[in-house]
Amino acid sequence: MRVVSSFSEARSAAGEAYHRSGGEEGPAPIGLVPTMGFLHEGHLSLISRARRECRVVTMSLYVNPRQFNVSSDFDRYPRSFERDCELAAEAGVDVLFAPPTSEMYESTESTSIHPGPVTRTMEGAGRPGHFEGVALVVAKLLAGLGAQRAYFGRKDAQQLTMIRRMARDLRFPIEIVGCPTIRESDGLALSSRNILMSAHEREAALEISRGLWAAALAAEGGERSADVLRRVVTRDRSRVAWEYVELADQDDASMLDVLDRPSFLAVAASVGEVRLIDNVFFDTGSDGLAVDRGIVLEGPSLLYR
Ligand code: AMP
């Protein structure tokens, strides 16, 4: 694995790895996995999917200050570069792009990206400026690293919708691939922020996945009203502070009253100082409703190793 800190080095390292891998045919040349580090099995699942589908895997590691609307959240965001390098190399990353902020942003730059209505609700409403920050950094990575496919988690459902639309609107020649949420063995969605919770808070946080799973079961039983599904999520669960529970269209993140199309039921809730998001995806087709609850790990996550 090559560790590089500039866009141009990352492109040439990926090009060299591609030529070393030989052959023109087969999977996509370069797959990109953008991350903010402190890797866990959620990130590793994106890397292994990219490994299967691409000849070269580039992972970016950058804690993007512009997407944190609260500066204390940025300061406390877990970081461990050595650990991330080891895990990325083990998982088969060819190029680890870890830029300093001066490489990502120039003090004189003036371009901004406004992702539009897709980000007005949910995370966009609760975290002003967050999606503008995500859109700008992801656009730079998509434009600057020469990848043909980029892998993102369904865990950040509205972000995935926003990135798909941005890539389409701006005509990036890149396929955006959405991957299932990886969960700890008790159901809690993996997040680098999980390590910031006390044992007591972590136990309370289980209400989030339990609520979503109860709603998923109701949907599988035929319930289609968004109001009812939202109430099922929070019913008798008051150990977390619910911020929103919404049923949203996968295509444009608009709010739905009825589950009648590909959608996701998304929540944000806080436990103590830690704000968590989670969701379940509903895919509708001729075979009826398919619920994607994500994938549950069998043992303890490497977050705690
Ligand atoms: P982050 O480092 O939190 O910015 O996440 C980097 C990428 O990993 C994003 O595409 C996330 O959606 C994805 N990701 C984060 N947590 C999970 C998870 N538990 N399961 C699957 N993907 C995840």
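The ligand is surrounded by 16 residues, and Met-36, His-43, Asp-156, Ile-182 and Leu-190 are the closest. The model is a predicted one.

By type, the shell around the ligand consists of 8 nonpolar, 6 polar and 2 charged residues. An oxygen atom of the ligand lies 2.9 Å from a backbone N or O atom of Met-36. A polar backbone atom of Gly-153 is 2.9 Å from an oxygen atom of the ligand.

Which elements give two or more residues to the shell around the ligand? They are strand E2 (28-35), helix H2 (41-53) and strand E5 (149-153). H2 supplies the largest share, with 3 residues.

Strand E9 (residues 263-271) and strand E10 (residues 274-285) run antiparallel and are joined by 9 bridges. Val-271 stands opposite Val-274 in E10. The hairpin of E9 and E10 has 2 residues between the strands, and in this hairpin Gly-272 takes a positive phi near 60°.

E10 also pairs with strand E11 (residues 288-292), again in the antiparallel sense, over 5 bridges. Here Gly-285 has Gly-288 in E11 as its bridge partner. E10 and E11 likewise form a hairpin, with 2 residues between them. In a regular strand, side chains alternate between the two faces of the sheet.

Notes
Residues numbered from 1 in each chain as written. Predicted model: local features only at pLDDT ≥ 70, side-chain atom pairs only at ≥ 80, totals over all residues. Heavy atoms only, no water. Near = heavy atom within 4 Å. Polar contact = N/O pair within 3.5 Å; in protein donor to acceptor, adjacent residues only side chain to side chain. Helix = DSSP H or I, 4+ residues; strand = E, 2+ residues; numbered from the N terminus. Nonpolar A, V, L, I, M, F, W, Y, C, P; charged D, E, K, R; others polar. Pairing = 2+ DSSP bridges.
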